[in-house]
Amino acid sequence: MKLAFVLILIAILVGAPHISGQGNDVMKYPFLVQADLPSYPPLAKIARISGTVQVRVTVENGEVVGYVQPTGNPLLVSATIDNIKSWKFDKSVRTTFATTFIYQLDGESEETKEPSNPKLDLELPSLAKITARPPMPPCNDCGDAISK
């Protein structure tokens, strides 16, 4: 009877991480202490470029020390890397993790030359979603309408 109890107890202890979800490959992200707010690159906005940039970031002693060159539109990649370089973590952090930046244009076109603030959905350091309003399309007939 004792042997059966011990075997059941061992089976429970071995299986517990799988039952509770602890044994899976869920990535634990380090706590971000400081970061600049990401922004939509103005030239990408004018060109109506949207897309996703994924980067693998390496942190040592709380500082971003490297990243695997991401793929995507160069304007979006450049803005992503500039933002990631501003990140600071606790001095004890030494890790590598993946992060995703999503740039999208949505809503009514802006009728002003003044830039508006984009909508930010941040789950840093794992995800940054930057949504901006598209600029007004160029007016091809404006010159003719003004001269008439």
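Let's start with a salt bridge. The side chains of K88 and E63 meet in one, with N and O 3.1 Å apart. K88 sits in strand β4 and E63 in strand β3, so this pair links distant parts of the chain, 25 residues apart. How exposed are the two partners? K88 is partly exposed, at 27% relative accessible area. E63 is partly exposed too, at 30%.

One thing to keep in mind: this is a predicted model.

How many salt bridges does a search of the whole structure find? It finds 2. The other one joins E60 and R94, with the closest N and O atoms 3.9 Å apart. Again, distant parts of the chain are linked: E60 is in strand β2, and R94 is in the loop between β4 and β5, 34 residues apart. E60 counts as partly exposed, at 35% relative accessibility. R94 counts as exposed, at 61%.

Now, confidence. The protein averages a pLDDT of 82, and 71% of the residues score at least 70. Which elements sit at the two ends of the scale? Helix α1, residues 2-20, has the lowest mean pLDDT, at 46. Strand β4, residues 88-89, has the highest, at 98. Over residues 11-23 the pLDDT is below 50. Beyond near neighbours in sequence, that stretch has 2 contacts in the model. Where pLDDT is low, the predicted coordinates should not be read in detail. Keep that in mind when you look at α1, with its mean of 46.

Next, the inside. Nonpolar side chains tend to be buried together in soluble globular proteins. Here, the largest nonpolar core has 22 residues. Which residues have the most contacts inside that core? They are W87, F89, F101 and Y103. β2, α3, β5 and β7 each supply at least two core residues. The largest share, 5 residues, comes from α3.

Which of its residues are buried? L76, V77, A79, T80, I81, N83 and I84 are. The buried residues of α3 pack against α2, β2, β3 and β5. Look at the start of the helix as well. There, a side-chain oxygen of N73 reaches to within 2.8 Å of the backbone nitrogen of L75.

On to strands β6 and β7. They cover residues 119-123 and 127-132, and they pair in the antiparallel sense over 5 bridges. One of the partners to find is T131 in β7, which bridges to K119. A hairpin of 3 residues joins the two strands. P125 has its place in that loop. A cis peptide bond joins L124 and P125, with omega at about 10 degrees.

Last, backbone angles. Most residues other than glycine have a negative phi, and most peptide bonds are trans. Which way does phi go at R48, positive or negative? It is positive, at about 60 degrees, although R48 is not a glycine. R48 lies in the loop between α2 and β2. It counts as partly exposed, at 39% relative accessibility.

N61 also has a positive phi, at about 50 degrees, and is not a glycine. N61 lies in the loop between β2 and β3. Its relative accessible area is 48%, so it falls in the partly exposed class.

Note on methods. Residues are numbered from 1 along each chain as its sequence is written. This is a predicted model: local features need pLDDT of at least 70, side-chain atom pairs count only at pLDDT 80 or more; totals for chains, interfaces and linings use all residues. Side-chain values use heavy atoms; hydrogens and water are left out. pLDDT is the predictor's confidence in each residue, from 0 to 100. Helices (H or I, at least four residues) and strands (E, at least two) are DSSP runs, numbered from the N terminus. Contact means heavy atoms within 4.5 Å. Two strands pair if DSSP finds at least two bridges between them. Buried means under 20% relative accessible area, exposed over 50%, partly exposed in between (1.4 Å probe, protein chains only). A polar contact is a pair of N or O atoms within 3.5 Å; within protein, one must be able to donate a hydrogen and the other to accept it, and residues adjacent in sequence count only if both atoms are side-chain atoms. A nonpolar core is a set of buried Ala, Val, Leu, Ile, Met, Phe, Trp, Tyr and Cys residues joined through side-chain atoms within 4.5 Å. A salt bridge is a side-chain nitrogen of Lys or Arg within 4 Å of a carboxyl oxygen of Asp or Glu.
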